[in-house]
Amino acid sequence: MAELSVTDLTKRFDAGPAALDAVSATVQAGEFVALLGPSGCGKTTLLRLIAGFERPSAGRITLGGDVMADATRFVAPEDRGIGIVFQSYALWPHMSVAGNVAYPLEVRGVPRAARAARVAEALALTGLTELAGRMPAQLSGGQRQRVALARCLVFEPRAMLLDEPLANLDLSLRAAMQDVFAQFHRRTGATMLYVTHDQAEALALADRVAVMERGRIRQFAAPELLYREPADCFVAGFVGEGAVVSARPTGAATPEGCIVEVLGQRIAARARSRSPSHVSIRPEDIRLGDDGPLRGQVTGATYLGGRFRLTLDVAGETLVAFAAQRAHPGEAVGLSIEAPWAFEDPQPVLGPDFGGPDIGGAHRTGRALRA
Ligand SMILES: Nc1ncnc2c1ncn2[C@@H]1O[C@H](COP(=O)(O)OP(=O)(O)O)[C@@H](O)[C@H]1O
Ligand SMILES: [Mg+2]
């Protein structure tokens with residue numbers, strides 16, 4: 001398995017903004033990276049460029065140190081040694097499961113005996129041994145996706161690209177298939193780039209997640225870091241629950257960060273920036289209790305099993321908190337905000353109420369996110 005790297009990779013389809021805008025990133029050999037972002041942000045375009053289905057407008061792609069594409073070179077898709085799994089399984093309908101999985105080896109001229117052994121191994125890895133003789137029409141969606149996976153890994157690709165492979169499956173099957181992908185990655189140690197617009201899937205599966213927006217990578221980090229230390233308003237709003245609220249630096253520093261003014265209170269925040277513009281307030285950062293310095297009103301309560309998820313109106317902002325006891329809409333609560341993450345967003349994405357362009361409610365500051 002090989003390291004996959006893109007440098008200043010750009011793709012323009014027309015005169016408008018670039019579908020992919022000078023993206024640089026490296027997937028380590030054997031790493032599982034998820035590419036997460038809203039529809040139209042350029043995920044599939046990035047995958048198609050890496051696969052060799054599109055030519056870059058600018059920039060470079062390397063695999064295991066070999067240039068796959070740059071200004072002067074372009075390696076054909078079939079010569080890149082990259083396996084691809086799509087959400088539409090693209091199986092051959094007239095071939096059995098074993099026939100589908102053997103096909104990439106036939107194309108590459110692998111002798112029959114070696115072929116049989118490798119097909120058996122790929123079927124075993126994906127839990128398909130018993131279904132080897134079935135035709136695609138006789139399989140469930142999850143089984144078909146496993147055939148697509150087996151067909152991809154049978155030729156031992158240097159890297160695997162997966163484009164929303166679970167998007168066509170129902171919720172319960174998706175959860176089961178996530179386990180299949182995770183096991184598959186542990187057993188093969190494959191370099192994997194996995195595209196999804198589902199943050200839960202990305203956070204659950206990946207070693208690191210690249211969060212994309214409008215053709216750019218906003219942050220590329222481990223899931224827990226994206227959640228605890230988002231780089232900007234977009235990532236803070238797109239990944240995980242909570243609120244993004246504007247903050248005013250007070251100039252006072254603490255060992256963990258600094259003191260900021262949020263919702264009219266001076267609060268000790270975690271931070272790297274000296275002049276943060278916003279805080280990300282996760283449910284874990286809110287402590288409910290009448291001794292808290294802030295007052296809020298419950299606007300919604302949902303039972304999650306074991307705890308309640310409350311939405312609170314606090315000084316006009318909607319915060320999300322977890323509570324052990326049920327609370328009712330309209331009820332007044334006291335709360336404190338403890339060690340939220342403060343960051344400096346050079347270009348906050350503001351909603352129309354803030355005088356900026358409206359690009360969708362989920363990205364606005366000061367609104368409930370993923371409520
Ligand atoms: N073949 C194409 N021709 C013109 N525009 C395209 C083409 N493919 C993608 N785009 C545009 O590029 C942007 C990124 O698309 P895509 O990579 O498919 O996004 P995602 O997979 O994140 O949903 C979109 O604005 C899309 O309309
Ligand atoms: Mg796509």
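**Helix packing and aromatic contacts in a predicted model**

The crossing of α2 and α4 is right-handed, a crossing being left-handed if the near helix is turned anticlockwise from the far one by less than a right angle, and right-handed if clockwise. The structure is a predicted model, in which local features need pLDDT of at least 70 and side-chain atom pairs count only at pLDDT 80 or more, whereas totals for chains, interfaces and linings use all residues. Residues are numbered from 1 along each chain as its sequence is written, chains are lettered from A and ligands numbered from 1 in the order in which they are written, and side-chain values use heavy atoms, with hydrogens and water left out.

Helix α2 comprises residues 97-107 and helix α4 residues 141-153, and their axes come within 7 Å and cross at roughly 30°; helices (H or I, at least four residues) and strands (E, at least two) are DSSP runs, numbered from the N terminus, while axes are lines fitted to C-alpha atoms, for helices over the stretch in contact, with angles that run from 0 to 180 degrees between N-to-C directions. The crossing angle makes α2 roughly parallel to α4, given that angles under 35 degrees count as roughly parallel, over 145 as roughly antiparallel, 65 to 115 as roughly perpendicular and the rest as oblique. On the α2 side the contact (heavy atoms within 4.5 Å) is made by Val 97, Asn 100, Val 101 and Pro 104, and on the α4 side by Val 147, Ala 150 and Arg 151.

Helices α2 and α3 pack at an angle of about 125°, with their axes 10 Å apart, which makes α2 oblique to α3. The crossing of this second pair, α2 and α3, is right-handed, and its contact draws on Val 97, Ala 98, Val 101, Ala 102, Leu 105 and Glu 106 of α2 together with Arg 115, Arg 118, Val 119, Ala 122 and Leu 123 of α3. After α2 comes Gly 109, whose phi is positive, near 70°.

The structure holds five aromatic pairs, where rings of Phe, Tyr and Trp (its six-membered ring) pair if their centres lie within 6.5 Å, and planes under 30 degrees apart count as stacked, over 60 as edge-to-face and the rest as tilted. One of these joins Phe 32 and Tyr 194, whose ring centres are 5.6 Å apart with planes at 45°, so the pair is tilted. Since Phe 32 lies in strand β3 (residues 32-36) and Tyr 194 in strand β8 (residues 192-196), the pair ties together parts that are 162 residues apart in sequence. Phe 32 is buried, with a relative accessible area of 1%, and Tyr 194 is likewise buried, at 0%. Phe 181 and Tyr 194 form an edge-to-face pair, at 5.5 Å centre to centre and 80° between the planes; this pair links Phe 181 in helix α5 (residues 171-188) with Tyr 194 in strand β8, 13 residues apart. Phe 32, Phe 181 and Tyr 194 form one aromatic cluster.

Key
Buried means under 20% relative accessible area, exposed over 50%, partly exposed in between (1.4 Å probe, protein chains only).
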